[in-house]
Amino acid sequence: MLTANLIDAIRLPFRKDKELYRSFYCIMGFYPRNIDYYREAIIHSSIQAHFDTGKPLNNERLEFLGDAVLDAVVGDLIFRHFNAKREGFLTNTRSKIVKRETLGRFAVELGLDKLLISNSHSTAHNNYLAGNAFEALIGAIYLDRGYDFCIKFVTNRIIGHLIDMDEVARQEANFKSKLMEWCQKHKASILFEIVREERNETGSPIFYTKVYINGIEVGNGKGFSKKESHQQAAKDALTRFKKKNRIRETIIKNSNPTQ
């Protein structure tokens with residue numbers, strides 16, 4: 001019996017968008033059934049495209065769906081791989097895999113970023129958009145082939161090929177959690193404050209964050225989401241702690257006046 005991929009390959013010469021089908025095959029390892037889902041997954045809102053009905057044509061809805069499906073898929077794989085670990089460990093490991101920076105790297109290494117259609121010319125922003133497109137791709141696969149194919153795609157193309165779950169689990173990548181743990185240890189108060197929000201040339205928001213410990217400004221960060229800007233601010237604070245012991249010592253002293 002002919003395999004599904006072989007049947008799809010035989011049909012390929014008769015398809016209208018042969019090159020797009022081939023491109024997605026190289027990325028996913030199987031051919032799309034409904035190419036419209038995948039075409040939508042690579043269109044950023046900055047293009048301001050529309051369906052014939054007038055509804056906006058971009059990957060934001062697929063990104064929303066893919067985000068939820070990817071959380072479930074990665075959670076499933078982590079749960080089975082680390083069969084003796086507790087919930088906190090599993091949650092932390094999943095968050096490292098599905099964070100925007102990592103998803104952007106997946107998109108680039110798979111070549112998905114080369115298919116992305118947007119008006120952005122910023123390398124950093126393009127990497128962020130690529131991460132969004134990766135989530136949209138997961139949403140497209142889910143609608144086109146179902147949950148089992150999403151599991152197959154992540155297992156065959158991502159886990160063990162582009163990322164090692166055991167190595168990820170050992171990494172300390174959640175700067176915000178690390179900074180908050182430090183504050184708890186030293187009985188210090190911490191506050192993340194969004195101080196400014198701007199729009200770049202494509203209309204995407206950029207958030208600016210300051211982080212304060214015991215009322216002292218210790219870090220700044222920016223990102224294309226509030227979560228990302230918080231992480232960058234926490235990273236900046238931890239970097240300052242390493243370089244300037246005086247800041248850290250002042251905070252500890254204020255938190256523990258008897259010392």
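**Entry 1: the model.** I am working with a predicted model, so I treat everything below as read from a prediction.

**Entry 2: nonpolar cores.** I looked up the largest nonpolar core and found 53 residues in it. F24, F134 and F153 touch the most other members.

**Entry 3: around F24.** I checked what F24 touches, leaving out residues up to four places away in sequence. The list is G29, F30, P32, I35, Y38, I42, L112, L115 and L137. Is F24 buried or exposed? Its relative accessible area is 0%, so I put it down as buried.

**Entry 4: aromatic pairs.** My search of the whole structure turned up 7 aromatic pairs. In the pair F24 and Y38, the ring centres are 5.3 Å apart and the planes stand at 55°, so I call this pair tilted. F24 sits in helix α2 (residues 18-28) and Y38 in helix α3 (residues 35-41), so the pair ties together parts 14 residues apart in sequence. Y38 is at 0% relative accessibility, which is why it also goes down as buried.

Next I took F30 and F149. This aromatic pair is edge-to-face, with 4.9 Å from centre to centre and 80° between the planes. F30 lies in the loop between α2 and α3, while F149 belongs to helix α8 (residues 147-158), so here the parts tied together are 119 residues apart in sequence. F30 has a relative accessible area of 2% and is buried. F149, at 21%, counts as partly exposed, because the buried class needs a value under 20%.

I also noted one aromatic cluster, made by F106, F134 and F153. Two of its names, F134 and F153, were already in my core entry.

**Entry 5: helix α5.** I ran a length check on α5, residues 87-98. Its 12 residues at 1.5 Å each should span 16 Å, and the end C-alpha atoms are 16 Å apart, so the two agree. Which residues of α5 are buried? I found L90, T93, K96, I97 and V98. Their cover includes α4 (60-81), α6 (100-110) and α9 (165-170).

**Entry 6: the sheet.** I traced an open sheet of 3 strands in the order β3-β4-β5, with antiparallel pairing. The edge strands are β3 (190-199) and β5 (216-223), each of which pairs on one side only. From one strand to the next, the twist averages 20°.

I then went into the β3 and β4 pairing. How many bridges join β3 to β4? There are 9, and β4 covers residues 205-213. R199 stands opposite P205 in β4.

**Entry 7: helices on the sheet.** Helix α10, residues 175-185, lies across β3 and β4 and runs at about 150° to β3. Helix α11, residues 226-243, packs on the sheet and touches β3, β4 and β5. Its direction makes about 135° with that of β5.

Methods
Residues are numbered from 1 along each chain as its sequence is written. This is a predicted model: local features need pLDDT of at least 70, side-chain atom pairs count only at pLDDT 80 or more; totals for chains, interfaces and linings use all residues. Side-chain values use heavy atoms; hydrogens and water are left out. A nonpolar core is a set of buried Ala, Val, Leu, Ile, Met, Phe, Trp, Tyr and Cys residues joined through side-chain atoms within 4.5 Å. Buried means under 20% relative accessible area, exposed over 50%, partly exposed in between (1.4 Å probe, protein chains only). Contact means heavy atoms within 4.5 Å. Two strands pair if DSSP finds at least two bridges between them. Helices (H or I, at least four residues) and strands (E, at least two) are DSSP runs, numbered from the N terminus. Axes are lines fitted to C-alpha atoms, for helices over the stretch in contact, and angles run from 0 to 180 degrees between N-to-C directions. The expected span of a helix is 1.5 Å times one less than its number of residues. Rings of Phe, Tyr and Trp (its six-membered ring) pair if their centres lie within 6.5 Å; planes under 30 degrees apart count as stacked, over 60 as edge-to-face and the rest as tilted.
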